[in-house]
Amino acid sequence: MSAPTTGTTPPPEAAGATGQTTAGEAGSPRGRAVGALALAADIGGTFTDVVLADAAGGLWTTKCPTTADPIDGLIAGARQVLDRAGGRPADVARVVHGTTLATNVILERRGAPVAFLTTAGFGSLLELGRQARVEEERHDLFWSPTPSPVPPERTFEVPERIGPRGEVVRPLDEEAAARIVDSVAALDVAAVAICLLHAYANPDHERRLAELCRRRLPGVLVVCSTDVLPQAREHDRAVTTVMSATVGPVMSAYLRRLEGRLRDLGITAPLHVMGSSGDVLSAELAARRAVATVESGPAAGVMAVREIGSALGLPDTLALDMGGTTAKAAVVRDGRPGITPSFSLGGRMSAGGRGGGLTIALPAVDLAEVGAGGGSIAWVDAGGALRLGPRSAGAEPGPACYGRGGTEPTVTDANLVLGYLAADGFTSGGLALDRDRAVAALRSGVAEPLGVDVVAAAAAVHELANAAMASAVHVVSVQRGVDPRRFALVVLGGAGPVHAARLAERFGIRTVVVPQAAGVGSAVGLLECELGHERAATAPAPGRPGGLGESGEPGAGFPGPALTRAADPDAVEAALAQLAADAAAELGVAVADVRVERAADLRYRGQATEVSLPVPAGPVTAATLAELEAAFHRYQRDTYGIVLEDPTELVTLRARVTVPAARPSAPGGPDVGDVRAPATPAGTRRVHLGGPAPSGTGRDDANEGAGDGFTAVPVFRREQLRPGDELAGPALVVAPDTTALVPPGWTAAVHAHGHLILEALTLEAR
Amino acid sequence: MTSPPTDRPTDPLTAEVFRNALAVAAEEAGIVVVRGAHSTFIVEGADAAAAVLDAEGHLVAQSQSTSLSHAASLRSSLPPVLARHPAAGMAPGDVFVTNDVYGGGIHANDLIVFRPVFVEGEARWFTGTLIHVADLGGLSAGGMAADATDVFLEGLQLPPVRLATAEGPVADIEALLAANSRQPDKLLGDVRALVAGTAVAARRVDELVAAHGPDGFAAGVTAAWDYAERRMRQEIAGLADGTYRGAYPIDDDGQVPGRELWVRVTAEVAGDTIRIDFTGTDDQVPAAVNAGASQVLSGVLYAVRSFVDATIPMNEGCFRPIEVVLPEGSLVNPTRPYPGGGRHIAVCAAVEALYEALAQASPEHTVAASGILQGFSIGGRRPDGRHWLHMAFDFGGSGARRGLDGLDAAGGLFGGGRNLIPQVEPIEAAVPLRFEAVELIPDSGGAGRWRGGRGTRTVIELLDDALVDTRGDRLRLPPPGRDGGSPGRPGSYRRRRPDGTEEVLPAKATNLRFERGDRFVMETSGGGGLGAPPPGA
């Protein structure tokens, strides 16, 4: 969740890795775009993917290296797909953009200089931080935390104090405030972040300070914590506010420039930006709430998987995006991606959200990321154990088989040696892979230190990559109480489809989907996302006018958060309605024109962590609150096996509003129904199917007679397959951007939508 | 091809896969315990542990979220459970609980729970969980009985007893626990989370045994131990052979102010082994600064692991090359009824003494001493009679490192991060306290070529009458500098009256009466500096 790259990373066979451009076309038998067009661009650290869709389901894609000014690459890609589709810029009705800009600005610390204003006594808030020390960091005498995002000399303490019920404990000292604003003016900052204690309960002091700043500092962005995150927990709110102020001016300038360049090209359609939680924001809102775009790219991939699943009638899917350096896993349940209420950025890469670094307390797609990409380097440690990653050969020098100076063995090298990838430029990408270099790297890096042959070494590296990805899948499924067996695995990224079926076997998953255009899946996902926005607020403490009713501790002078069953239903209803209205207003649409999803975060009384649950439909009544509490207890029982009907607290209320995307219909073709026909292979290739065992240990029974563990299997070319075509494993299906391995015991068929669907014939759930 | 990919977990090619699967089993138990716990002290995995062990108490795997201060706790407390309840008499569904500081435990409030995992009718493996529960009686609400003079004042004592069977919780035990707690509902919530955690890990072990077969699983465990041991030995062999000594003082025991106590250690590095001997450490005292043996063992392992490759997986193999001698009846291995609740004071002294000793074998690892974790609790009664409690702590500054300044306010709890410090807003929403400041103290780190980390000042206004407990150290004797560096600025506990007058509070005290309008002030000590400061600095 912390890698500075997003989306589709270089497929091992993609010629894009050499600086050329590959292109794919599908679903448009006419060859020319018709009707309104939608353009999507996903800019990652290494590659820029651009996709054009027309009203008839035609899809044109391109993948090219990300340029120094990323807008250049985006514009070049847009030109290319428009040319190939014969589309007119003026017909583009929508542009959707996934970007790593916010992430990179934060990680590389090149954001706007920000001043930070907070309550007197808390000037050390950011400097102290709350960074966890995870795993080996805890034993490292020389470890240091991520530095404070604002230095002390730009931090100011404001004499004022609000209490937890919104009461003014100490009025804002106007004179002192004016002096502070003068000092800020002398600093030449681009933005001011304001986070005062308990501002979520009473924003008056923040608003007044902001007014003073705006008056004195024209042209400087002023961000109040209440506008970014009106929720308790001052440190998380402060960091999120500061990040918004840091990224805002950069994002705003970037989007203005991008809009200009698109206009030069003749595209005047509105520009939308992918947000971290799977909603698309208007460019204006993305500039104002830039920190909400931090997980832009990965979110697009997950939304693509959701759409593919929904088109195939598979509401429960596991998304796996395997790139060059990492693999990311996420879950879509009932057509909804798993969402985490906060995540961290800039710490160690880690599955499960314990990564350290800076906490961004905004909803994001719940991803687990592991260092297992096509370029991840395999090595033998001093104890004689085979390890994988976290180092990666990346795109430069790339895997040893790229022949560009890499000498350490990678997952891609292993896949080449095992025959899963072609050495001869069979794929239309054209980059020939050097098998001898792959063998040499595996021999010196793995086989010799372990005293095994090169094929056994390669098989073990392949298996280790599967295991690493399995741990990411495990985090987002089993650890969240989700049984993955009934899910379909949808795999994106060029490197993934070689591993997907075997990964699925580990979880007893019987269906694997290799989408059309899997290599540019994140960009395709952008086309599918709806304009949407979420607002959340801490449930106001009881006792405050307009608050949520009495606490469950009658007569208490200091009651604590409201018990769910004791909350005032009317006040909850009013608060949720207000959140929905605010969210719609920020999107710039009328609340009547949006779909509203409402949620509430509950916890056991006195607990430190909450669970977010949907609020039952209809106006909130006492029965609604009782049902929420029951749902919380069900969740605890189903997820953690805890049967405990203790009272719960209502902590946070959420409203998410969405505007259905005005997009062309999903790519599709003629419905072939159940008509299936055997496909014709284009050739054969010898591939290793013997599992991870060294040869000669009796584990090669799957290929009896092959001896060396290799078997000749048919190779199918993806572009020659038609909907309804069917084939049985073992087989390979090769496309310009990816190769899919269909292991023995699996079949594959081409769906009407063009996706390749792998099914396990017999698979015991494990 | 659906055969298991990892059915030979001893194969070096797939050992890593098997080790990960074991770690996941423990990790899931840890997640369940932390997510399900009611005690507000369990914030983001503080003071929690989860592990898989064999039937002799050997550590198979533990959760990454296991607090380092508990690295040895589960491992050390299983054998006493088995001594009282032989495995042969256990049945599936049985769960046991203990908190015996003399039997591998920690202190009354840290409940340790075990569940046997049956293979072919035999209790062959165990899963264990541990957290600091809400309250279990004793002198002080929440368990911070800093002036306890025997173990009985620290809370209910639990020898290993059966907590649940296949039929469910043992009602008599639950009733006994609840009757001894100031917050019975929270306590029972915590206990059930502990039990649920062991169940989740046991399910995963079952699955792994099914996948690999009983012998395959056992062979995989042995291979994982051998691997960790091999890595530890290789790393220890990199330390210079020799006999090294270190010592670190404790301010006093709180009962006899001003009388310092010493933890002394001799570390003998010989080839790929280390012998760590605490002979010479002062005798146990009838005060809560002694540390149970398992706690000191955790500290020893932590200190040694700071000198070797930190990525070595934590299991029984890590313990094998290290021989530890803990003299019975000393500060580092007390006997009944000497109290052990303030164990981190002796453990952190042991860690500093070991750092001093081991740095002689590896001078690039030289560090100055750190400020320690300073705890406090503030509690009272609501108008309806219910008890409220805020129990928390902050860290002193870390000692300067060779080449790097010390970390601000991050010292003295085994590499804990500041994520363990709760945020102010939720506290103020729940209890009658108002925080006036949580801030770094300028220039509080000891001067030196590399500066010690800074300490913090926390100022809390009491909005109602309350009782305050303190538990601190390294205040009278602030963390010394090393190699010419200066000591850190000493911290303190104080009461500030509404008229502005201040009094210094004892650092190891319970039930100090505060009135509404008083301020509780806690300053943590700065870390020591390293090396003489450059001239003119």
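Reader: In what order do the strands of the open sheet of 4 strands in chain A run?

Author: Happy to start there: this open sheet in chain A has 4 strands with mixed pairing, where two strands pair if DSSP finds at least two bridges between them. Strands are DSSP runs (E, at least two residues), numbered from the N terminus. The model is predicted, so local features need pLDDT of at least 70, side-chain atom pairs count only at pLDDT 80 or more, and totals for chains, interfaces and linings use all residues. Residues are numbered from 1 along each chain as its sequence is written, with chains lettered from A and ligands numbered from 1 in the order in which they are written. The order is 31-32-34-35.

Reader: What is the bridge partner of V715(A) in strand 34 of chain A?

Author: Strand 32 (residues 710-717) and strand 34 (residues 731-734) of chain A run parallel, joined by 3 bridges. In strand 34 of chain A, V715(A) is partnered by L732(A).

Reader: Which residues of helix 13 of chain A meet helix 12 of chain A?

Author: Good one to trace on the model! Contact needs C-beta atoms, placed from the backbone, within 7 Å. From helix 12 of chain A come N466(A), M469(A), A470(A) and V473(A). Their counterparts in helix 13 of chain A are R502(A), L503(A), R506(A) and F507(A).

Technical notes
Two residues are in contact if their C-beta atoms, placed from the backbone, lie within 7 Å.
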